[in-house]
Amino acid sequence: MATFLYKLGRLAFRRRHFVALIWVALLTLAGVGAASAPAAGTTSFSIPGVEAQKAFDLLEQRFPGASADGGTGRIVFKAPEGEKMTDAANKATVEKTVDALGDGSEVVSVTDPFTTGAVSKDGTVAYTSVKYDAPGMELKDSTRDALEKAGDEARATGLTVDVGGDALQAGAEPGAIGEVIGLAIAAVVLVITLGSLVAAGLPLLTAIIGVGIGVSTITALAKALDLGDTTSTLALMIGLAVGIDYALFIVSRYRSELAEGRDREEAVGRATGTAGSAVVFAGLTVVIALAGLAVVNVPMLTKMGLAAAGTVVVAVLIALTMIPALLGYAGKRVRATGEKRRSTGDRTGEKTGEKTGEKTGEKTGEKTGDRTGDKTGAGTGEKGRQGKQAKPGLGVRWASFVIRRPAAVLLLGVVGLGAIAVPATQLELGLPDDGSQPTSTTQRRAYDLLSEGFGPGFNGPLMIVVDAKDSDDPKAAATTVTDGIKDLKDVATVTPAMFNKAGDTATITVIPGSKPSSTQTEDLVHSIRDQGTDVRADTGAQVLVTGTTAMNIDFSQKLNDALIPYLGLVVGLAFLLLIVVFRSILVPLKAALGFLLSVLAALGAVVAVFQWGWLGGLIGVEETGPIMSMMPIFMVGVVFGLAMDYEVFLVTRMREAYVHGESPSQAIVTGFRHSAKVVAAAAIIMMAVFGGFISSTESMIKMIGFGLAIAVFFDAFIVRMAIVPAVLALLGKKAWWLPKWLDRALPNVDVEGEGLKTQADATSSRDGDEDRELVRA
């Protein structure tokens, strides 16, 4: 692996014009494709195999044209103080609004609140419902505009009017200001870490190009593959983070190779061969984690995972080819300002050697003098550097401290993260609805008005589908279902059964007494389904519960059921991959256990902030509630991939030092000396990128941004920087133990660059032979 990437890096360096042209052409092609692609909404939300989805599919068959999965809109009216909605003027305003809404091209039906009983008992609140023939997130902009315009016109008459329903869902806005701030922080961290504007600019440039190619490709294929806005947001989030980090590691290693006196092409080759190998395997773990989301069998999650994985692949390829090419353009300007000044001694030594060689007047002497001068200059520069770096850096001092107190550091890290993870035991799952929107939005105000006028459960009605095709008396079966539901707890209203034309299928609407995301409503859904089992045994009719609330409950359950198989698949594959990388059993095991600790702590923090409300005001959490259903499995996938990034980058440098003859303790210090600063910078950059999405008004994006940012903090700074060296210090040589039979069976991928060292030794030996021949001549 290292040898192949070494050759690839040198090739990209020499053919930099060609490599840069290829990536610019790909970016242009993807951009043109995105610009010319037809507009697409978000992916259709379906959950194959769950009861709520089966009910929707049945309604499409038995009630053709009813658009069971069509979008809905609601305009909620509240009369001024002292008035009622039944007053003549207010009633006229509502009727005018109903007439205006009925003219829409995608409208299936509009209800009149005065004929359907959609007026509160005290007469102060009323609502009209609009049914559309397309899912809410796939409606035309003109349809949404017409709904909002109708609300604005009614509001102008003096009524309190707000608009709700899924018809207003136009996709997630990631928060442009937050993204800009995140990139700005990343730029500052890069400049501080690398000490050069040119070096800092390279990771940012390549990350933006990679994300541009990935997101543009997703946009170009959105219509054909039914990809949604959330897919692009995830690809943007992950692509930026890993793109910057992967480039940073290669640029940093390149600078280290330059500092050791190697010429630019050789330094690029070695950087790509060593740090590039770590990039490849780190990228593979991220791809495995994201592509593994397909195990859940939810089309939306599968598409999101595969699209983000594709963006990561682009980031890896750019890091391995475009970074070496750009380093060819940058020259030695990537070196820090201080290093440039210190290199004066090197150049002076080189010039002295050249002059000495020139004075000999013979070609042999010239060559000998050149080499002598090079070595003299390099030695002078090296002594200068050693003199100024007599005081060990923070990474070395921390590693030395951990080695002296490994048990205490390990205990403190594990107990601390364990305490933060405690709230995760109270995790409640659900999907966000209008009740989780900021109070400044019209959707949230409409939600609150309906709760005020008709009860908290009105915003989450349950639809009961009675499939009586195999029943001898369909009407009697429907009556049995209705009567049974009325006797259950937490039921506010049950509407009479409505049959289709064939008379073999009925729908019943149930209004719970509690809000949609409550545990009481979830218990009610399970109670209706349990009762349906008895109904089928008695009447032959099948009872299915659906609706948005039931769909959310089924989705949460499906994700819970898939979590363990998904975790086993992802961790198992990555464990095998890391065994190949580190040639150890205990190091990958420690990496996996550390990941579980960090992800549980991150989930605990998410619960504390978004479910309990602790410090929620600091990041704009206005309403607490259940955690998004996909959050646990999503965090497991993404955080695992990112956690393995830091594991690979930090521990491969330790492994490299150990393989080259250092003791286990020395190898830990060496790994920190070369990698700790860069890993810390990479983690801060990733936290800044993810943190930028916390500014989004979309609760799902805000929660994802916070969860990933805090998870990176826990994993990079507590697990990888503290727990990992503590465990390695306690294990000593046992950490790198591998059964001999397994060692023989595993392929040697040479992540440490041992092949490059052998190659360098051979080259050095040939140079020495040449020198001796010259002297004899």
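**Reading the labels in a predicted model**

Me: Where does Asn297 lie?

Reply: Asn297 lies in the loop between α10 (264–291) and α11 (299–330), in what is a predicted model.

Me: Why does Asn297 count as partly exposed?

Reply: The relative accessibility of Asn297 is 43%, and the partly exposed class covers values between the 20% limit for buried and the 50% limit for exposed, so Asn297 with its 43% counts as partly exposed.

Me: What makes the phi of Asn297 worth a remark?

Reply: Its phi is near 65°, which is a positive value in a residue other than glycine. Most residues other than glycine have a negative phi.

Me: Which value does Arg583 have for phi, and why is Arg583 called buried?

Reply: Arg583, which is not a glycine either, has a positive phi of about 50°, and it lies in the loop between α20 (548–582) and α21. Its relative accessibility is 11%, and buried means under 20%, so Arg583 counts as buried.

Me: How do you know whether α21 is enclosed or open?

Reply: Of the 26 residues of α21, 21 are buried, so this helix is largely enclosed by the rest of the structure.

Me: What span does helix α21 have, and what is expected of it?

Reply: Helix α21 (residues 586–611) reaches 36 Å from its first C-alpha to its last, close to the 38 Å expected for its 26 residues at 1.5 Å a residue. The helix is followed by Gly613, whose phi is positive, near 90°.

Me: What makes Thr507 a buried residue, and which residues is it in contact with?

Reply: Thr507, in strand β9 (residues 505–512), has a relative accessibility of 15%; the limit for buried is under 20%, so Thr507 falls in that class. Leaving aside neighbours within four places in sequence, Thr507 is in contact with Leu59, Phe63, Ile464, Pro496, Ala497 and Met498.

Me: How far apart are Arg333 and Ala199 in sequence and in space?

Reply: They are 134 residues apart in sequence and 7.5 Å apart in space, C-alpha to C-alpha. Arg333 is found in the loop between α11 and α12 (337–342), and at 48% relative accessibility, which is not over the 50% needed for exposed, it counts as partly exposed.

Me: How many residues of the chain are buried, as a share of the whole?

Reply: Buried residues make up 53% of the 777 residues, in a chain with 26 helices and 11 strands.

Me: Where in the chain is confidence lowest, and where is it highest?

Reply: The mean pLDDT of the chain is 83, and 86% of its residues reach 70 or more. Confidence is lowest in helix α14 (residues 363–388), at a mean of 42, and highest in helix α16 (residues 406–421), at 95.

How values were computed. Residues numbered from 1 in each chain as written. Predicted model: local features only at pLDDT ≥ 70, side-chain atom pairs only at ≥ 80, totals over all residues. Heavy atoms only, no water. pLDDT = per-residue confidence, 0-100. Helix = DSSP H or I, 4+ residues; strand = E, 2+ residues; numbered from the N terminus. Expected span 1.5 Å × (residues − 1). Buried < 20%, exposed > 50% of the residue type's maximum accessible area, 1.4 Å probe, protein only. Contact = heavy atoms within 4.5 Å.
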